[in-house]
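Welcome! Here is a short tour of the structure shown below, taken topic by topic.

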Amino acid sequence: MQTIFVTGGAGFIGSHVVERLLSRGDRVVVYDSLTTGTAGNIPPEALFIKGDIRDKELVEQSVARHQPDGIIHLAAQSKVGPSLEKPEEDLSINILGTVHMLEAARKTGVSRFVSASSAAVYGDVDRLPIMEVSPKEPLSPYGTSKLGAEQYIQSYARLYSIRTAALRFANVYGPRQTVDTEAGVITIFCEALLAGRQVYIQGDGGQTRDFVYVKDVAEAVIEALNKETVRGVYNVSSETQTSINELLQQLSRAAGKDPEPDHGDPRPGDIRHSFLSYQRLHEAAGWSPKVSLAEGLKRTMEYYQQK
Ligand SMILES: NC(=O)c1ccc[n+]([C@@H]2O[C@H](COP(=O)([O-])OP(=O)(O)OC[C@H]3O[C@@H](n4cnc5c(N)ncnc54)[C@H](O)[C@@H]3O)[C@@H](O)[C@H]2O)c1
């Protein structure tokens, strides 16, 4: 049995990672401020420490006390909008908080560190699919802080004997997702369809995104932690392009509805098409997504139907 320290374990992706670790028989310590996450997302078998990753002393004490075999760092200011309103806060959580986690790993001698990065580090890339080597031109403070955090993580890997991986997630969706993220459109559509409300699409709905199911993402995180061959930065995606119109059609089918969507103005600065290659992670860890979009949307819709 190994002990894994998970920051952000009360959040959307973190809670699925924690569930999966527990089902494998690992001991899990969740460290979370409950800013966007909720205590109800944390399974009772996990140990929970309520704390902020900007609290260097508490972070270091907590890691030293539990002597984990690995750290999975998912806690973050995780959204583009708030990063535009409060860039200093985004910077302090995403960069300083990451440095605190790395320092705690170094001081306690934790040799494995996996962190969540984001496709937002790339910005608007012309050549698709986006590869890890594609240009990095983030369009928001959020993308910039994620890129900065990645650089710290990689420098700690070079300086100290810590095996690190930064995983650039595409648009993650599934049960327990909050609405104001990029893939949050799925939650918004589910709730509107089930409540019989008008569905609103920004622009013509032809814009495409790469949606990856949260359980596949949780598996990628755990593979990255456990496979010796995984080091560096990796995309985690489904390598598929789905338009917002297609998404609505599939969700409508899952809900047994036939809505007439209302189209508004496109979002200013919205990227038209985006999808990422996951071949690098596939080669290093044998990971590939298992849940098709149709199946993932069906499971997500069922979750909202039962809520
Ligand atoms: N959801 C996506 O589509 C997506 C895409 C790319 C990257 N990511 C990244 O994946 C990670 C998890 O994202 P998520 O979608 O689960 O978001 P989330 O907001 O649900 O989870 C983040 C968790 O971190 C906690 N947290 C926030 N600030 C904290 C702080 N200062 N100290 C301690 N805990 C704090 C929150 O309470 C929450 O539980 C984040 O690093 C995010 O940037 C998510």
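A residue counts as buried when its relative accessible area is under 20%. Please keep in mind that this is a predicted model.

**A buried threonine**
- Thr 3 lies in strand 1, and because its relative accessibility is 10%, Thr 3 counts as buried.
- The side chain of Thr 3 makes a polar contact of 3.2 Å with the side chain of Arg 27.
- Beyond its neighbours within four places in sequence, Thr 3 is in contact with Arg 27, Val 29, His 66, Pro 68, Asp 69 and Gly 70.

**The nonpolar cores**
- The largest nonpolar core has 46 residues, and Val 17, Ile 72, Leu 167 and Phe 169 touch the most other members.
- Elements that each supply at least two residues of this core include strand 1 (3-7), helix 1 (12-23) and strand 6 (163-169).
- Helix 7 gives the most to this core, with 8 residues.
- Setting aside neighbours within four places in sequence, Val 17 is in contact with Ile 72, Leu 74, Ala 218, Val 221 and Ile 222.
- There is also a second, separate core of 21 residues, with Phe 189, Phe 211, Ile 244 and Leu 293 among them.

**The cavity**
- The structure holds 1 cavity of 30 Å³ or more, and the largest cavity contains about 70 Å³ of space.
- Its lining has 14 residues, with Thr 98, Ser 115, Ala 116, Lys 146 and Ala 149 nearest the centre.
- Helix 5 provides the largest share of this lining, 4 residues.
- By type, the lining residues of the largest cavity are 7 nonpolar, 5 polar and 2 charged.

Terms used: Residues numbered from 1 in each chain as written. Predicted model: local features only at pLDDT ≥ 70, side-chain atom pairs only at ≥ 80, totals over all residues. Heavy atoms only, no water. Core = buried A, V, L, I, M, F, W, Y, C linked by side-chain atoms within 4.5 Å. Buried < 20%, exposed > 50% of the residue type's maximum accessible area, 1.4 Å probe, protein only. Contact = heavy atoms within 4.5 Å. Polar contact = N/O pair within 3.5 Å; in protein donor to acceptor, adjacent residues only side chain to side chain. 1 Å grid on protein atoms, 1.4 Å probe; cavity = no way out; pocket = protein on both sides within 12 Å on 5 of 7 lines; lining within 4 Å. Points joined across faces, edges and corners; volume = space filled by probe spheres on them. Nonpolar A, V, L, I, M, F, W, Y, C, P; charged D, E, K, R; others polar.
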